[in-house]
Amino acid sequence: SKLMMEGRSEMSVFWTDLETGLPCKCRPDRIPDGEHGVILDLKSVRNADVHAFTNAVMNYGYAREAAFYIDGFNAVSSAKVDAFVFICVEKEPPYRVEVYTLEDLFIEDGRREYRRLLQTEVECRKNGYWPHWNYQEIMTLYMPSWSGGKL
């Protein structure tokens, strides 16, 4: 709670990626004052359990977000950030709160992924071609068997 009491909320950070020359932007939820070396990200979640949030990190690219924000902030600030802290608040009472950070391997994997995506952006701009999913017909969705036929 101390980190949340002091600092700046939703401050936009702009920089130019040195490798690709692309303009970049991030908007951290909270950057504490002083030399704490962290960026805070508030997540509202259905389940704040460690296993559920680990799955969310994998499914929603939160490691990529963390690496991108850390690198972006460090590109423009003299105060260095080396950690990204997730504050997870459940959406339903009793509003369980858990706080997580990612191990270095998670951050490095996220960094590789965002670097790959920046390179893809450069190639798309250079070639004037933006790959996409292309279905030629309307597709029918079928209710999954695990649903038991109920929504």
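Which residue just after α4 takes a positive phi, and what is the value? Glycine 128 does, at about 65 degrees. The close-ups below start with that helix and then work through its neighbours and the strands.

Everything here comes from a predicted model, where local features need pLDDT of at least 70, side-chain atom pairs count only at pLDDT 80 or more, and totals for chains, interfaces and linings use all residues. Residues are numbered from 1 along each chain as its sequence is written, and side-chain values use heavy atoms, with hydrogens and water left out.

**View 1. Helix α4 and what covers it.**
Helix α4 takes in residues 104–127, 24 residues in total. (Helices, H or I of at least four residues, and strands, E of at least two, are DSSP runs numbered from the N terminus.) From first C-alpha to last, α4 reaches 35 Å, close to the 34 Å expected at 1.5 Å a residue; the expected span is 1.5 Å times one less than the number of residues. Look along α4 for its buried residues: Ile107, Gly110, Arg111, Tyr114, Arg115, Leu118 and Cys124. (Buried is under 20% relative accessible area, exposed over 50%, partly exposed in between, with a 1.4 Å probe and protein chains only.) The cover over those residues of α4 includes β3 (23–26) and α3 (62–76).

**View 2. Helix α3, tucked away.**
Eleven of the 15 residues of α3 are buried, so the rest of the structure largely encloses this helix. Those buried residues of α3 are Tyr62, Ala63, Glu65, Ala66, Ala67, Phe68, Tyr69, Ile70, Gly72, Phe73 and Asn74. How does its length work out? The end C-alpha atoms of α3 are 22 Å apart, which agrees with the 21 Å that 15 residues should span at 1.5 Å a residue.

**View 3. Where α3 packs against α4.**
Two packed helices are described by the angle between their axes and the distance between the axes. For α3 and α4, the angle is about 80 degrees and the axes are 7 Å apart. (Axes are lines fitted to C-alpha atoms, for helices over the stretch in contact, with angles from 0 to 180 degrees between N-to-C directions.) That makes α3 and α4 roughly perpendicular to each other. (Under 35 degrees counts as roughly parallel, over 145 as roughly antiparallel, 65 to 115 as roughly perpendicular, and the rest as oblique.) On the α3 side, look for Ala63, Arg64, Ala66, Ala67, Phe68, Ile70 and Asp71; they meet Phe106, Ile107, Gly110, Arg111, Glu113, Tyr114 and Leu117 in α4. (Contact means heavy atoms within 4.5 Å.) The residues of this α3 and α4 contact sort into nine nonpolar, one polar and four charged. (Nonpolar: Ala, Val, Leu, Ile, Met, Phe, Trp, Tyr, Cys and Pro; charged: Asp, Glu, Lys and Arg; polar: the others, Gly among them.)

**View 4. Helix α2 crossing α3.**
The axes of α2 (residues 50–60) and α3 come within 5 Å and cross at roughly 75 degrees, and α2 and α3 are therefore roughly perpendicular to each other. Here Phe53, Ala56, Val57 and Tyr60 in α2 meet Tyr62, Ala63 and Arg64 in α3. The residues of this contact of α2 with α3 come to six nonpolar, no polar and one charged.

Strands β2 and β3 run antiparallel, joined by four bridges. (Two strands pair if DSSP finds at least two bridges between them.) In β3, lysine 25 is the bridge partner of phenylalanine 14, and cysteine 26 is the bridge partner of valine 13. On β3, Cys24 and Cys26 form a covered face, while Pro23 and Lys25 form an uncovered one. Six residues lie between the strands of this hairpin, and glycine 21 there takes a positive phi near 80 degrees.

Strand β6 (residues 83–90) and strand β7 (residues 97–101) run antiparallel, with five bridges joining them. Valine 97 in β7 is the bridge partner of valine 89. In the loop between β6 and β7 you can find proline 94, and a cis peptide bond joins proline 93 to proline 94, with omega about 10 degrees. Tyrosine 95 lies in that loop too. Phi of tyrosine 95 is near 60 degrees, a positive value in a residue other than glycine, and this tyrosine is partly exposed, with a relative accessible area of 46%.

**View 5. Glutamate 10 in its loop.**
Glutamate 10 sits in the loop between β1 (8–9) and β2 (13–16). This residue is not a glycine, yet its phi is positive, near 45 degrees. Is glutamate 10 buried, exposed or partly exposed? At 45% relative accessibility, glutamate 10 counts as partly exposed.
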